[in-house]
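Keep the sequence and the structure open while you go through it.

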Amino acid sequence: MSGEVKSCFGAYNQQTTESRIKLVFPDLLARLRVQKPRRLLDYGCGPGFFLRDHASALNIDQVGYDVCDEMIQTATTNCKDVPKTTIVPNLEVLEPASFGAVTTTAVWMCWKSEPECLENLGWIRRLISFHGVLYAAVTHPCFRDQAYSTFSMHLDQGRYLEAGTPYEARLFDQGQKVSFTDHHWPLWAMSAQLKRAGFRIEEIQEYPDTAPGSKGSPWMLIVATPK
Ligand SMILES: C[S@@+](CC[C@H](N)C(=O)[O-])C[C@H]1O[C@@H](n2cnc3c(N)ncnc32)[C@H](O)[C@@H]1O
């Protein structure tokens with residue numbers, strides 16, 4: 001895990017021009033402004049950029065959680081001057097049903113098996129409040145044979161329906177390149193997992209690439225609520 005995550009960390013520090021940063025994060029902030037949760041959990045916060053550069057504008061209690069020690073350290077450093085922000089290395093310290101909103105961006109594709117997906121969604125379900133909202137942003141599973149402004153995905157779309165298929169993701173930005181293995185969860189699998197974990201899908205948003213002329217959609221957001 002740590003080898004892959006280290007790659008993610010290096011790459012994600014470079015991803016300044018892609019639609020996750022330019023479109024997904026601002027849209028999440030806009031949605032949170034409308035929703036007005038009292039507490040936010042960013043599940044798989046990575047280096048903490050969403051909390052530091054976007055969600056901090058809400059001035060609410062926010063918690064970042066990541067499974068990787070290096071990410072925890074980096075997010076702690078990056079968010080050290082951000083008010084009302086805590087980075088935690090484990091979920092047991094968090095009170096159940098205490099978060100009005102949970103964001104999780106580019107994390108689902110790290111989960112390698114259905115039990116791993118269900119375990120993580122189960123944690124989110126435990127921690128989110130009854131009237132809370134889950135915002136799960138993933139690379140769009142329907143276009144995993146496309147190249148975008150700062151990354152390309154390499155799944156044979158002939159295998160689209162096969163849940164959990166590993167595929168190569170290549171990231172490139174500002175002279176940096178990295179590749180790693182992600183896992184493919186088609187729409188049917190994500191919706192079934194959410195249902196089994198106790199969520200109802202409310203909305204799906206699909207985002208364009210930042211470069212004109214790209215095909216398909218690099219990122220999608222699933223908005224779900226506890227049922
Ligand atoms: C591609 S990075 C995205 C980081 C951040 N969400 C962002 O968009 O900048 C994926 C992150 O998910 C974390 N992650 C993977 N599996 C996780 C899990 N089961 N629980 C918490 N974090 C996890 C990784 O350690 C990594 O920091």
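The model is predicted.

**The sheet**

Three strands make up an open sheet in the order β6-β7-β8, and their pairing is antiparallel. At the edges lie β6 (151-154) and β8 (176-184), each of which pairs on one side only. From one strand to the next, the twist averages 20°.

The pairing of β6 with strand β7 (residues 165-173) is antiparallel and runs over 4 bridges. Within this pairing, His154 stands opposite Glu168 in β7.

**Helix α6**

Which residues of helix α6 are buried? Helix α6 spans residues 187-196, and its buried residues are Ala189, Met190, Gln193 and Leu194. Seen down the axis of α6, these buried residues fall within an arc of 130°, so they line one face of the helix. Lys195 and Arg196 are on the other side of α6, where they are exposed.

**A nonpolar patch**

Leu187, Ile201 and Ile204 form a nonpolar patch on the surface. Together, the three residues have about 220 Å² of accessible area. Leu187 falls within the residue range of helix α6, 187-196. Ile201 belongs to strand β9, which covers residues 199-207. The relative accessibility of Ile201 is 32%, so Ile201 counts as partly exposed. The reasoning uses two cut-offs: a residue is buried under 20% and exposed over 50%, and partly exposed in between.

**Two residues with positive phi**

Lys84 has a positive phi of about 60°, although it is not a glycine. Ala106 is likewise a residue other than glycine, and its phi is positive and near 60°. Lys84 sits in the loop between α4 (69-78) and β3 (85-88). Ala106 sits in the loop between β4 (99-105) and α5 (114-127).

Is each of these residues buried or partly exposed? The table gives the relative accessible area of both.

| Residue | Relative accessible area | Class |
|---|---|---|
| Lys84 | 41% | partly exposed |
| Ala106 | 15% | buried |

Ala106 is classed as buried because its relative accessible area is 15%, and the cut-off for buried is under 20%. Lys84, with 41%, is partly exposed, because that class lies between 20% and 50%.

Note on methods
Residues numbered from 1 in each chain as written. Predicted model: local features only at pLDDT ≥ 70, side-chain atom pairs only at ≥ 80, totals over all residues. Heavy atoms only, no water. Patch = residues over 30% accessible without salt bridge, like charges linked within 9 Å, V, L, I, M, F, W, Y side chains within 5 Å. Areas by Shrake-Rupley, 256 points an atom, 1.4 Å probe, with all protein chains shown as cover. Salt bridge = Lys/Arg side-chain N within 4 Å of Asp/Glu carboxyl O. Buried < 20%, exposed > 50% of the residue type's maximum accessible area, 1.4 Å probe, protein only. Pairing = 2+ DSSP bridges. Axes fitted to C-alpha atoms, helices over the stretch in contact; angles between N-to-C directions. Arc of directions from axis to C-beta.
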